[in-house]
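User: I would like to go through this structure step by step. Please define each term when it comes up.

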Amino acid sequence: MVMVTGKVTVRLKDGVLDPQGQTIQRALEHMGYNGIDQVRAGKTFEIKLQAKSSEDARSQLKEMSEKLLANPVIETFHVEVVE
């Protein structure tokens with residue numbers, strides 16, 4: 001078994017309204033940052049786990065994401081494993 005750190009990044013799918021991202025974009029524009037086309041908010045989970053291999057860890061993280069961390073109807077996710 002190896003101890004790995006997994007990072008899961010979850011964000012709304014393109015086309016899904018992102019009110020948090022819109023609020024951040026307006027705030028940045030009010031602060032004088034011009035030329036911002038779009039802001040999309042997301043969330044990142046860092047998970048330390050023991051697994052047989054990096055591929056096993058990636059598989060577990062994908063399963064966790066599909067079952068709990070992301071809503072597959074409106075969100076996408078990306079899994080990264082760091083040993």
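Analyst: Buried means under 20% relative accessible area, exposed means over 50%, and partly exposed lies in between (1.4 Å probe, protein chains only). This is a predicted model, in which local features need pLDDT of at least 70 and side-chain atom pairs count only at pLDDT 80 or more, while totals for chains, interfaces and linings use all residues. Residues are numbered from 1 along each chain as its sequence is written, and side-chain values use heavy atoms, with hydrogens and water left out.

User: In what order do the elements of the protein chain run from the N terminus on?

Analyst: Helices (H or I, at least four residues) and strands (E, at least two) are DSSP runs, numbered from the N terminus. The protein chain has two helices and three strands. Read from the N terminus, their order is β-α-β-α-β.

User: What radius of gyration does the protein chain have?

Analyst: The radius is taken over C-alpha atoms, and the globule rule is 2.2 Å times the number of residues to the power 0.38. The C-alpha atoms fill a box of roughly 50 × 25 × 15 Å along the principal axes. For a compact globule of 83 residues the radius would be near 12 Å, but the protein chain has 16 Å.

User: What percentage of the contacts with a separation of 6 or more comes from residues 24 or more positions apart?

Analyst: Contact means heavy atoms within 4.5 Å. Of the 83 residues in the chain, 27% count as buried. Among contacts with a separation of 6 or more, the share from residues 24 or more positions apart is 67%.

User: Is glutamine 50 buried or exposed, or in between?

Analyst: Glutamine 50 is found in strand E2. Leaving aside neighbours within four places in sequence, glutamine 50 is in contact with Met1, Val2, Met3 and Gln60. Because its relative accessibility is 49%, glutamine 50 counts as partly exposed.

User: How far is the C-alpha atom of glutamate 29 from that of valine 4?

Analyst: Glutamate 29 has its place in helix H1. At 35% relative accessibility, this glutamate counts as partly exposed. Glutamate 29 and valine 4 are 25 residues apart along the chain, and their C-alpha atoms are separated by 39 Å.

User: What is the relative accessible area of serine 65?

Analyst: Serine 65 lies in helix H2. Beyond its neighbours within four places in sequence, serine 65 is in contact with Val8, Ala70, Phe77 and Val79. Serine 65 is buried, and its relative accessible area is 0%.

User: Which parts does the salt bridge of lysine 43 and glutamate 75 tie together?

Analyst: The side chains of lysine 43 and glutamate 75 meet in a salt bridge (3.5 Å, N to O). Lysine 43 lies in residues 42-51 and glutamate 75 in residues 75-82, so the pair ties together parts 32 residues apart in sequence. Lysine 43 is partly exposed at 36% relative accessible area, whereas glutamate 75 is buried at 12%. The parts are strand E2 and strand E3.

User: In which helix do arginine 58 and glutamate 55 both lie?

Analyst: Arginine 58 forms a salt bridge with glutamate 55, the closest N and O atoms being 3.5 Å apart. Arginine 58 is partly exposed, with a relative accessible area of 31%, while glutamate 55 counts as exposed at 54%. The two are three residues apart, about one turn of the helix, and both lie in helix H2 (residues 54-69).

User: How far apart are the closest N and O atoms of lysine 62 and glutamate 66?

Analyst: Lysine 62 and glutamate 66 both lie in helix H2, four residues apart, about one turn of the helix. Lysine 62 is partly exposed at 43% relative accessible area, and glutamate 66 is partly exposed at 40%. They form a salt bridge in which the closest N and O atoms are apart by 2.6 Å.

User: How many salt bridges does a search of the whole structure find?

Analyst: Among them are the pair of lysine 43 and glutamate 75 and the pair of lysine 62 and glutamate 66. The number found in the whole structure is five.

Conventions
A salt bridge is a side-chain nitrogen of Lys or Arg within 4 Å of a carboxyl oxygen of Asp or Glu.
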